[in-house]
Amino acid sequence: MVLTRVVLLPALVAASALLAALGPAAAQTPGTLDPVPLPPLSNPSDPSLAAKELFGRATSPAPGPARVIGGFARGCLAGAVALPIDGEAWQVMRLSRNRNWGHPSLIGFLERVARKVPAAVGWPGILVGDLSQPRGGPMLTGHASHQIGLDADIWLTPMPKTTLSRADRETMSATNVVAADWNDVDPATWTPQHRALIRLFAMQPEVSRVLVNPAIKKALCREAGKDRGWLAKVRPWWGHNYHTHIRLRCPVGAKDCREQGAVPGGDGCGGDLAWWFSADARKPKPPSRPSPPLKLGDLPPECRSVAFAQ
């Protein structure tokens, strides 16, 4: 019952300590090759403890059948499986984060779609960023979502033909495809292959949303031509200039999974997209007090069993 016994891989929890010092765990935040373990929790059962302290220390999945519990930004995951760090058309980045875990439906989806990338996109494969933690839940750094094993960050950088070293996976940066003024994509880095990659993911029936920078959505709207059916799933959101965020629908029969809901109708290329480039969208926001971190009691009750499972 003591959560500190769940900490099996010091190298991986150490990465969380480093990332906490660096700030949000974005695609550009380096990992670590020289880990220092996080200290054990003195009272894991303290109801005032942030849930991220519990789930961020778990380095193995909760046993039992795969089960999605709750919503994308308030939930957890049992029976997770890990995406292998190397595949015929994918390589996992930032291994020190230990965030290559997901529901089996996500892992199977990524393996299947990655194998389509060489023919459909023209890249050797994909570089995979953060999925979820071994038990899902809130993370020590970055990501309000990615909590139930159905989210995946795919770098906007083609997988090289050779296997990356551990050092490369921890330190290399993803490709920024957005111009410095944030008004459009950068023609020096944006390619037809980026459009093909995003379209490939959006065309998959399991996908609920594909999040991209507003400038990327603008380029897709301009370049799609008459082939526009897939654009509705591609939604603009802050950041996402180095990677695209893929979100799957709740698996069939997952009664405890809270679906986000359908995307609005149309191709999303009208006034709602124009807002992202308006003065209102870009005016400086006044400082605000950060929201308090989620406690275990803020998550679905079943997440307590997931957090403390041995």
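**Close-up views of a predicted model**

**Figure 1. The salt bridge between R169 and D86.** R169 pairs with D86 in a salt bridge whose closest N and O atoms are 2.5 Å apart. Because R169 belongs to helix α5 (residues 166–171) and D86 to strand β4 (residues 86–87), the pair ties together parts that are 83 residues apart in sequence. R169 is buried, at 3% relative accessibility, whereas D86 is partly exposed, with a relative accessible area of 36%. The model shown here and in the other views is predicted.

**Figure 2. The salt bridge between R235 and D272.** In this pair, the closest N and O atoms of R235 and D272 are 3.7 Å apart. R235 lies in strand β10 and D272 in helix α8 (residues 271–275), so the contact ties together parts that are 37 residues apart in sequence. R235 is buried, its relative accessible area being 13%; D272 counts as partly exposed at 40% relative accessibility.

Figure 3. D280 forms a salt bridge with K283, with 3.3 Å between the closest N and O atoms. Both partners count as partly exposed: D280 has 38% relative accessibility and K283 has 46%.

**Figure 4. The side chain of Q147 and its backbone contacts.** Q147 is found in the loop between β7 (126–128) and β8 (151–158). This residue is buried, with a relative accessible area of 2%. Its side chain reaches the backbone nitrogen of G75 at 3.0 Å. A polar atom of the Q147 side chain also lies 3.4 Å from the backbone nitrogen of R74.

**Figure 5. A nonpolar surface patch of tryptophan residues.** W237, W238 and W275 make a nonpolar surface patch of about 360 Å². W237 is placed in the loop between β10 (234–236) and β11 (243–248). At 45% relative accessibility, W237 is partly exposed.

**Figure 6. The whole protein as context for the close-ups.** The protein has 10 helices and 11 strands, and its C-alpha trace spans about 55 × 45 × 40 Å along the principal axes. Its radius of gyration is 19 Å, which agrees with the value near 19 Å for a compact globule with 310 residues. Of the 310 residues, 51% count as buried. Among contacts between residues at least 6 apart in sequence, 77% join residues at least 24 apart. The accessible surface comes to about 13600 Å², and 60% of this area belongs to carbon and sulfur atoms.

Key
Residues numbered from 1 in each chain as written. Predicted model: local features only at pLDDT ≥ 70, side-chain atom pairs only at ≥ 80, totals over all residues. Heavy atoms only, no water. Patch = residues over 30% accessible without salt bridge, like charges linked within 9 Å, V, L, I, M, F, W, Y side chains within 5 Å. Areas by Shrake-Rupley, 256 points an atom, 1.4 Å probe, with all protein chains shown as cover. Salt bridge = Lys/Arg side-chain N within 4 Å of Asp/Glu carboxyl O. Helix = DSSP H or I, 4+ residues; strand = E, 2+ residues; numbered from the N terminus. Buried < 20%, exposed > 50% of the residue type's maximum accessible area, 1.4 Å probe, protein only. Rg over C-alpha atoms; globule rule 2.2 N^0.38 Å. Contact = heavy atoms within 4.5 Å. Polar contact = N/O pair within 3.5 Å; in protein donor to acceptor, adjacent residues only side chain to side chain.
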